[in-house]
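Here are some notes to go with the model, in the order I would walk through it with you. Have the viewer open while you read.

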Amino acid sequence: MSSTPRTLFDKIWDSHVVQRLPDGTCVLYIDRHLVHEVTSPQAFEGLRMAGRPVRRPDCTIAVADHNIPTVGSRVPSDIKEQDSRIQVETLEKNVKEFGVPYIPILDVRQGIVHIIGPELGVSLPGMTIVCGDSHTSTHGALGALAFGIGTSEVEHVLATQTLLQKPAKNMQIDVTGTLGFGCSAKDVVLAIIGKIGTGGGTGHVIEYTGDTIRALDMAGRMTVSNMSIEAGARAGLIAPDETTFAYVKGREFAPKGEAYEQAVAYWRSLPSDAGATYDATVRLTTAEIAPMVTWGTTPGAVVPITGAVPDPTEIDDPGLREQAQRMVDYMGLAPGQKLEGVPIDVVFIGSCTNGRIEDIRAAAAVAKGRKVADGVQALVVPGSGLVKRQAEQEGLDRILLEAGFEWREPCCSMCLGMNPDKLTPGQRCASTSNRNFEGRQGPNGRTHLVSPSMAAAAAVTGRLADVRQLG
Amino acid sequence: MDKFTTLTGIAAPLPMANVDTDKIIPARFLKTIKRSGLGVHLFDSLRYRKDGSENPDFVLNRPPYREAQVLIAHENFGCGSSREHAPWALLDFGIRCVIAPDFADIFFNNSFKNGILPIRLPRAVCDQLMEDTKLGGNARITVDLERQVVVRPNGEEIAFEIDPFRKHLLLNGLDDIGQTLQHAPKIDSYEATRRAEMPWIPATTG
């Protein structure tokens, strides 16, 4: 055991190194591999061609989430879009052939892979967790090293239960202060990305520290960690604490009884040591965080709702100026235009960023007793069947339906429009998802990233609105 | 995977920062169970007009860049999703090398797995190489992986860094999985130790 103070990242990394190669590349052991239908077919095909089995089906779990309809029949053979149906059916065939545990679409536990991993206790503190999806960073909220991988790496993990990796650098993002009224975890992470930029975390794993982070519930922590990749960091981390242990306890796949106690004892050893050093540290206070809204087509193009669209002509760097101009044009906005009051067509509440029960409660609290504005379509898509059931037990579906929201079945939905839920060209959406890239929610659709309560405020006013003004 | 040794070809300039994976290949084209055939959708929203016809202003629609094997871009190329469809689409189009000041981590990794060489060079050098591309059909540049140099049309050589292990895999067209399986006994013993030390780790098989 090294006596040098180590970070949370260092500790998880060190405990998963199977073999260090001469150039510093490590064979890194993977505890959990989450598999979905979009990035796995070519990986299973690769195994089949090479005659290789899945090494550890008992460390693997599969679910279909990206292509699933949120209305109508969810029986795979009924999926109307042929290419979507084929991907789902291919996953179902592959998990059977390779003996991989699978959560069927009609199972109440089905949902977005990054919602159900923590929800079912499949994802646990101290683990290495991978998935062929960049938002795997979500699971880092538990104090697990969790990152997205490509399909070749999916095949590599299926075949070997390891990855070839070099250690990332450590970045600390320390947030202090009490969040103001109307502010949430989403606003924290949007403010962070606005501050460090979409490439600010490249090559690093971000550990989020500070009393603001510690005060977040697990849902909020997952929202923050989820968007680490939007700052360029493959993984985010939050040290496990009593909030984490209480969250994990009793979940379906989590250790029980004596095993749980052993696990907690180990998890308590994980937080960064006093004196551990980071390659970079960024500090924010809650004074810098208001309800945020993006104005452009990268998540870093973000301002408080009281702010305005920047004027590209005031940017010195020609490349950045051109990019800003392109974003303003694409978004159909004008330099200097106030964000508050911009009319919207669609509201999307859901995704692995904001599809948890806490997010739906926040949206319902704003929606209660109000009506979705005329001409606005407002979708609420719970992140999993269990989230949906919980919301219905709490009567949140009634509140939302009475207000004129649509209450859908769980899936990735309009976050990336691989199922029928898409924007039409030119439509403007207040969305609780994670990316506002050009065409992300549908060709020529316009996305404003916001928190769930801000999305609900946009729905009931028909405009980008400051949720604090609704009272 | 095809070996990457030396490449001489047309380079196309894409002077944009933060070229995200949705721009490289939009999500609606990810619904495939194959690796091939994605080249037609590469940069779909930039390359085609709303009526589906080619946008003649987009660089890869113009000669000689239609034949480009090298792409030169600005900062944070490949940011966003983990989709390996992004390098698959580049490869299917014919791009074997991307040069930029820096790359998003997942895209960078995914490129190597598909025999695409991502090269990091300073912004000023990228801009200089973009100027070179204006020589049109004479804008051939050479990328020599063995010697780790990019050769400009005027013969000037620019050195680049690459991880030695990745270089070895690319030069020999080696499959990562085969490499890792050489360590299978180490993986076995790691698993045995972990089972003994952390018996509480549950299985996903219930």
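1. A word on terms before the sheets: two strands pair if DSSP finds at least two bridges between them. Helices (H or I, at least four residues) and strands (E, at least two) are DSSP runs, numbered from the N terminus. With that in hand, look at L34(A), which stands opposite C131(A) in strand 6 of chain A. The two strands involved, strand 3 (residues 32-35) and strand 6 (residues 128-131) of chain A, run parallel and are joined by three bridges.

2. Some housekeeping. This is a predicted model, where local features need pLDDT of at least 70 and side-chain atom pairs count only at pLDDT 80 or more, while totals for chains, interfaces and linings use all residues; side-chain values use heavy atoms, with hydrogens and water left out. Residues are numbered from 1 along each chain as its sequence is written, and chains are lettered from A and ligands numbered from 1 in the order in which they are written.

3. Strand 2 (residues 26-29) of chain A deserves a look. Both of its faces are covered: C26(A) and L28(A) on one side, V27(A) and Y29(A) on the other, are all buried (buried means under 20% relative accessible area, exposed over 50%, partly exposed in between, with a 1.4 Å probe and protein chains only). Strand 1 (residues 17-20) of chain A runs antiparallel to strand 2 and is joined to it by three bridges, with V17(A) opposite L28(A). Their hairpin has five residues between the strands, and G24(A) in it takes a positive phi near 100 degrees. Strand 2 also pairs with strand 8 (residues 162-165) of chain A, antiparallel over four bridges; there Y29(A) faces T162(A).

4. On a 1 Å grid over the protein atoms alone, a cavity is a set of points where a 1.4 Å probe fits but cannot get out, and a pocket is an open set with protein on both sides within 12 Å along at least five of seven lines; lining residues have an atom within 4 Å of a point. Grid points are joined across faces, edges and corners, and a volume is the space filled by probe spheres set on the points.

5. How many cavities of 30 Å³ or more are there in the whole structure? The search finds six, and the largest cavity holds about 240 Å³. It is lined by 26 residues, with H66(A), D133(A), H135(A), L416(A) and R440(A) the closest to its centre. Helix 4 (113-119) and helix 12 (351-354) of chain A each supply at least two residues of that lining.

6. The second largest pocket has a volume of about 1,000 Å³. Of its 40 lining residues, R326(A), E438(A), S45(B), L46(B) and N55(B) lie nearest the centre. Helix 11 of chain A gives the largest share of the lining, six residues.

7. Finally, chain B has eight helices and seven strands, and 61% of its 206 residues count as buried. L91(B) lies in helix 3 (residues 85-93) of chain B and, at 32% relative accessibility, counts as partly exposed.
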